[in-house]
Amino acid sequence: MPRTTFAARGRAEARGDAELLRAVRAGHSPSFDVIRRRHHEAVFAYALTCAWSAQVAADLAAAAFAQLRDRVASPVPLDQGRHSGCVRLQLLESVRLGAVTRALRSPQSFHREFTDWIRGGSMWPMLEDGQLALAFEQLPAMAQCLLWHALVEGDDERDIAAVTGLSGEDLTLALQQADRALRRSRTDLYCERLENADCLDILAGAPDFPAAPLDAVVVEHLRACPRCLALHDDLVGLEARAARHLPLRLLGWWPIQEYRRTRDGFRSPAFDSFEGTRGTAAPAARPAAPSGARHRKTRTPGQVTALRNRKGKAALAVAAVLLAAVPAVHRVTTEGPGSPAADRPAAEPLVLSSGGVPADSFAHARGTVRPRSGDPRARPLAEGSELLYSQVDFGTRASARLQVLVSDVTERARRLELRIGDGADGRSWATVELPPGTGEKWVGVRVEPLSGRHDVRVIGRCAGQDPCVNLHAFRVRTG
């Protein structure tokens, strides 16, 4: 283990998840509000990998928290049960179970990939490493929590400090101990299947195998024993394997890119990376923050970029503590849905009249990123990129002409498709052909007159996977 140590600092949240749940069981209800705020956006992001509908995803997330609350209220010890050491993992599993049940009744609200997975039997990838999952599940609760957030979620030390209640040198030591415990558990499972006494003697004499310096006897044995050499190579790259295989074995449904893109558009569990985005559906007023919780801060795009750079460096520090074996994850700032309805002030409705709907006011996105320069509210679109705008207000007068404000339209751009409604319930409403050009321009097309409020999906169509057009806004006009 390298001697990387986190500097001592104030904790992002003085109480970790386990302590908060104990406080809830003791009758302190506001502690559960901290748990909810800490994990809701990641849970909502995972639900959105299952469901097209932002409302369905919100329902799945709410049900997962309700199940957690019921579990805490039950007489079952908090340190018993599946994934008892990791609140995030418990919540994600509840979402997956709820999504499968609901998709069997109403598949039209869910992504086709998810329903195809269910129709295929909700199969776990059998080629993935089941022994690794077993080694993980045999670890103490805190070790499971640390490794899930450090390896699978890719959180930085401030986020991990929030969920564990550890910080500074305590967190460094705990991460190192969790890493060694996973290797030891993996080795013990290997030894249970061994019949060769020489192999058992070698591995028993090297408790930190393979991290400790290997003496000549061990090296000679590895040269002569392909099985122990394979174990050595497996343990050297264990963090990378754990990051890839653990979620597949523990959850089954794990579209990692979509999950991370959506989740990374939110703040962190440390309450320090919030960027104001529009809520998804009829949000209620935000409840008062419990004592000790930080209030969110709306940041400028420049501040958000600088903050994410700092978070990226901090995540590398976690990777250094864990032998730097996990490949660096480039966090594309692809935004997802807004914060949960119960945790965000009511947003103004999206109105298609006057200036129109800005491109960045969506509720959910797939396959689009922030522009690297120019208008920060624009969104580059590639083939299949989608932006979902929730309950857009078309007004009371039927409007018959749609206009989209676009720029940087390349020769590969084909058209923009706009659909009314969400998921399989949606229907085609407009197709806008895109003339090539670099400057900003409004492009119009006559459409079916609409009034009232509707979900609107904008889909990019390009020849190739690279962005072919920037969308800035869209609006409707009468006549």
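Author: A polar contact is a pair of N or O atoms within 3.5 Å, where one must be able to donate a hydrogen and the other to accept it. The structure discussed here is a predicted model.

Reader: What makes the pair formed by S84 and the side chain of Q90 a polar contact?

Author: The backbone oxygen of S84 lies 3.4 Å from a polar atom of the Q90 side chain. The cut-off is 3.5 Å, so the pair counts as a polar contact.

Reader: Where is Q90, and which residues does Q90 touch away from its neighbours in sequence?

Author: Q90 belongs to helix α4, residues 87–105. Leaving aside neighbours within four places in sequence, Q90 has contacts with L68, R71, R82, H83 and S84.

Reader: How do you know whether Q90 is buried or exposed?

Author: The relative accessible area of Q90 is 7%. Buried means under 20%, therefore Q90 is buried.

Reader: Why are D59 and R102 said to meet in a salt bridge?

Author: Their side chains come to 3.4 Å, N to O. The limit for a salt bridge is 4 Å between a side-chain nitrogen of Lys or Arg and a carboxyl oxygen of Asp or Glu, so this pair qualifies. The pair links distant parts of the chain: D59 sits in helix α3 (residues 54–73) and R102 in helix α4, 43 residues apart.

Reader: Why are D59 and R102 not called buried?

Author: D59 has a relative accessible area of 31%, and R102 has 26%. Buried needs under 20% and exposed needs over 50%, so D59 and R102 are both partly exposed.

Reader: How many salt bridges does a search of the whole structure find?

Author: The search finds 16 salt bridges. One of them joins R183 and E239 at 2.3 Å, N to O. R183 is in helix α9 (residues 168–192) and E239 in helix α13 (residues 238–250), and these two residues are 56 apart in the chain. Both R183 and E239 are buried. Another salt bridge joins E258 and R261 at 3.1 Å. These two residues lie within helix α14 (residues 256–263), 3 residues apart, about one turn of the helix. There is also a network of salt bridges that links E383, R415, E417 and R461.

Reader: What makes the buried residues of helix α11 lie on the same side?

Author: The buried residues of α11 (residues 216–224) are V218, H221 and L222. They cover an arc of only 100° around the axis, so they fall on the same side of the helix. On the other side, A216, V217, R223 and A224 are exposed. The buried residues of α11 pack against α10 (197–204) and α12 (226–236).

Reader: Why is strand β4 called largely enclosed?

Author: Of the 8 residues of β4 (residues 386–393), 7 are buried, so the strand is largely enclosed by the rest of the structure.

Reader: How do you know that β4 and β9 pair?

Author: Two strands pair if there are at least two bridges between them; β4 and β9 (residues 453–462) have 6, so they pair, in the antiparallel sense. L388 stands opposite R457 in β9.

Reader: Which other strands pair, and over how many bridges?

Author: Strand β6 (residues 413–420) is joined to β9 by 7 bridges, and the two run antiparallel. Here the bridge partner of R419 is R457 in β9. β6 also pairs with strand β7 (residues 427–433), again antiparallel, over 6 bridges. In β7, V432 is the bridge partner of L416.

Reader: Which residues touch the most other members of the largest nonpolar core?

Author: They are F110, F114, F136, W148, L182 and W254, in a core of 79 residues. Helix α2 (residues 30–50) gives the largest share of this core, 11 residues. A second, separate core has 33 residues, including F362, Y389, A413 and W429.

Reader: What is L182 in contact with, leaving aside its neighbours within four places in sequence?

Author: L182 is in contact with L132, A135, F136, L139, L147, L238 and A242.

Reader: How many helices and strands does the protein have, and what percentage of its residues count as buried?

Author: The secondary structure comes to 15 helices and 10 strands. Of the 479 residues, 53% count as buried.

Note on methods:
Residues are numbered from 1 along each chain as its sequence is written. This is a predicted model: local features need pLDDT of at least 70, side-chain atom pairs count only at pLDDT 80 or more; totals for chains, interfaces and linings use all residues. Side-chain values use heavy atoms; hydrogens and water are left out. Buried means under 20% relative accessible area, exposed over 50%, partly exposed in between (1.4 Å probe, protein chains only). Helices (H or I, at least four residues) and strands (E, at least two) are DSSP runs, numbered from the N terminus. A nonpolar core is a set of buried Ala, Val, Leu, Ile, Met, Phe, Trp, Tyr and Cys residues joined through side-chain atoms within 4.5 Å. Contact means heavy atoms within 4.5 Å. The arc is that of the directions from the helix axis to the C-beta atoms.
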